[in-house]
Amino acid sequence: MNRKIGIVTVLYNSESVLNEFFETLSKQSYTNFILYIVDNLSPDGSLELSKKLKKIYKFETVIIENDNNYGVAKGNNIGIKRAVDDQCDLILLSNNDIAFESNSIEKLLSGLDQHNADLTVPKIYFYGTNKIWAAGGGYKLRNGLTIQYGQEEEDEGQYNQDKQVDFAPTCCMLMKKEIFSSVGLMDENYFVYYDDTDFVYRALNKQNKVLWYISDSVIYHDESTSTGKMSDFSVKFLWRNLVYFALKNYSLFYGLYVVGYNFLYIVIILYFRYSRKQWIIALKAYKEGLSLFLKHTPVKQNVL
C-alpha cells in the first residue's frame, strides 16, 4: 500500500475551487502522493492561488506552467509524463473541482488491489448533495454515447456494490502507470471532451484493461467550473469530438451509424431545444469533427 501516487490536475479558471481541493487532499489517510498542477495559462488567479496553497499545505506539490492553453488532453499528458519521470507507481487523474472524503484515495487503491484492476473510480456525488453524478458508466448502443450510472438519482444504497464497468469519466481515476506503455497517452486532437472517453475505450476495448467502480470511495463534483455548462464552447467540442471519437474507435459500420443517428438528432430534436446560434454551432462542429478524423493522425505517445 505504500506506493507513490502522482495526482495530475489541469488548471483553467479553477480559482474558485482550489481551496477545497487542496484542503481535502491535505486530510487524506493515504499520504504518499505528489500533486502535479499543470497550469494551462489560466486567465484567472488559479496559478497564483496554487502557489500560495503549495506553501500552506505540507504535501509535495509540483507546479508546471504552460506557455499556452493546450487543452485538457495535452495538459494531462504533460503531468503524466512528469509523474512517471519522478518514479510514481500510480497516476490519479483528477479534476480540481472536486472534494475528497478523507479516505477516498486509500479506498481507490485498496479496490485496485482487491479486484486486480488496472483502473478504479469512486462514487461521485453532485457537490453538496446526496445525488449521484456517476457510479461508473457504460455506453448506449442506440446512439453510441456514454452514460454515467445513477446520474441524478438520490443515493439510497443502490450503488453500494463494487462493480466492473465499461466506462467512467476521468475526473477522478486511479491507474497503474504501466497502462501507458500499451494504451499510450491522451489523444491531444480532442483538446477537451471525449479525450477521457477515448482513453478509457482504448484501454478497455483494445488493450483488455480492467476498470472497477469502488463504491466506498467517495468524492463530490462541482461540475463545469472551467468551461461553463452548455456554453457555446461546450456545444462545439462535444459534437465535434463525438464525430472524431466514433469514426476513430468504433467499427466502420457502427461508427457511421452513430454519426448519422446523432446528426439527425441535432437536425430534428435540437433545433427545438438549442438556441439558433448553438444549433448552427453544433452543425458546424459536425463538419469539423469529420475534417479532424480525415486530416489528423491520432496522437498515441508511449511514456514507458
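1. Basis. The model is predicted, with local features requiring pLDDT of at least 70 and side-chain atom pairs pLDDT 80 or more, while totals for chains, interfaces and linings use all residues. Residues are numbered from 1 along each chain as its sequence is written, and side-chain values use heavy atoms, leaving out hydrogens and water.

2. Strand β1. Strands are DSSP runs of E with at least two residues, and helices are runs of H or I with at least four, numbered from the N terminus. In a regular strand, side chains alternate between the two faces of the sheet. I5, I7, T9 and L11 point one way from β1, whereas G6, V8 and V10 point the other way.

3. Pairing. Strands pair if DSSP finds at least two bridges between them. β1 runs parallel to β2 (residues 33–39), joined by 7 bridges, and parallel to β4 (residues 90–94), joined by 4 bridges. G6 has I34 as its bridge partner in β2 and I91 in β4.

4. Helix α8. I268 lies in helix α8, which spans residues 252–273. Its relative accessibility is 48%, so I268 counts as partly exposed (between the buried limit of 20% and the exposed limit of 50%).

Definitions and conventions:
Buried < 20%, exposed > 50% of the residue type's maximum accessible area, 1.4 Å probe, protein only.
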